[in-house]
Amino acid sequence: MRVLKESGALVAVCDTNPSRVIEFSDRYGVHGYSGVDELIAKEEFDAAVIATPTSTHREVALKLIDAHKHVFVEKPIAPNVQEAKEIVDAAARAGVVLAAGYIERFNPAVSELKSMMDSGKTGLPLFAEFHRENRRPVHISDVGILHDTAVHDIDTARWLLGEPRRVYARLSTIVGPKEDYAVVVLEFDGPKVAVITANWITPKKERRMTVVFSDSIATVDFVAMRLTLDDDEGRWEPRIQTWEPLKAELDGFMKAISGSGGMVVSGADALRTTALAEAAERSARLGSPVEVS
């Protein structure tokens, strides 16, 4: 809401908690509603950001899409492939923009690394390692760490390395109620491999990625938005123009719905990432790698 307000785009807030409706409608000087049906019936608007619990994404998104509103859905787009596909198909039929909230693509350090990779400055990618660890967020209860947290790195790995061909995973429930520890191995064409480690157990907050290339090693601190490279010249940090990733993400969405070509993570991308998370669940159950098409 803060970012949308600063962009001049916020017109209303909708929340099932009446006290939050009052708090944030007063804070930002906009209308407040306690339900999506009421919002659609009473408010004039072009698009909505859905930042509700994952289990509600399908219901909320389909109502908005049916009203011909563009929708930005926070990750994961849905708790499973079936519901994700319903949202993607509905948006296609309605002709509205559907974007997903995979914010690391808009992180300045990740964006810079992607540009360097595309220009050939890093050499060929061989191996990527992700760590995303901290205590369980108190507001997350309807999905486990795989769909809530590890999907960030599944999406980033796809963006940097391409589409995986095989998935192997181990999931554990240490504290519960859902899995709170995940290790996911993604195998790509050629020698490329990504290993994703995520947990809601350790007290230290870690958000880090290391990518090994044929000519260099890149390390990204997602929180500090820093990129460090080691190559034949030694260790160095490229000069990066920084920005707020959430603002860049929402600006891209608003440009896309206005037809001016803003970058978004598409519904199809979000569906693919959800499918890979489901493949990881299947691999964990079977205890063996799973082929993905």
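Strand β6 (residues 125–133) and strand β10 run antiparallel, joined by 8 bridges; two strands count as paired if DSSP finds at least two bridges between them. Strands here are DSSP runs of E with at least two residues, helices are runs of H or I with at least four, and both are numbered from the N terminus. Across this pairing, Glu129 stands opposite Thr210 in β10. This is a predicted model, so local features need pLDDT of at least 70 and side-chain atom pairs count only at pLDDT 80 or more, while totals for chains, interfaces and linings use all residues. Residues are numbered from 1 along each chain as its sequence is written, and side-chain values use heavy atoms, with hydrogens and water left out.

How enclosed is β10 (residues 206–213) by the rest of the structure? Largely, because 6 of its 8 residues are buried (buried is under 20% relative accessible area and exposed is over 50%, with partly exposed in between, using a 1.4 Å probe and protein chains only).

Most residues other than glycine have a negative phi, and most peptide bonds are trans. Past β11, in the loop between β11 and β12 (226–231), sits Met225, which has a positive phi of about 55 degrees without being a glycine. His68 is not a glycine either, yet its phi is positive at about 60 degrees. You'll find His68 in the loop between α4 (57–66) and β4, exposed with a relative accessible area of 55%. In the loop between β4 (70–74) and α5 (81–94) lies Pro76, and the bond joining Lys75 and Pro76 is cis, with omega about -15 degrees.

On to the rings. The structure holds 2 aromatic pairs, where rings of Phe, Tyr and Trp (its six-membered ring) pair if their centres lie within 6.5 Å, and planes under 30 degrees apart count as stacked, over 60 as edge-to-face and the rest as tilted. Phe24 and Tyr28 make a stacked pair because their ring centres are 6.5 Å apart and their planes are at 10 degrees. Both residues are buried, and they sit 4 residues apart in helix α2 (residues 18–28), so about one helical turn separates them.

Charges meet rings too: the charged end of Lys69 sits over the ring of Phe45, 4.3 Å from its centre (NZ of Lys or CZ of Arg must be within 6 Å of the ring centre and within 35 degrees of the ring normal). Likewise, the charged end of Arg132 sits over the ring of Phe222, 4.9 Å from its centre.
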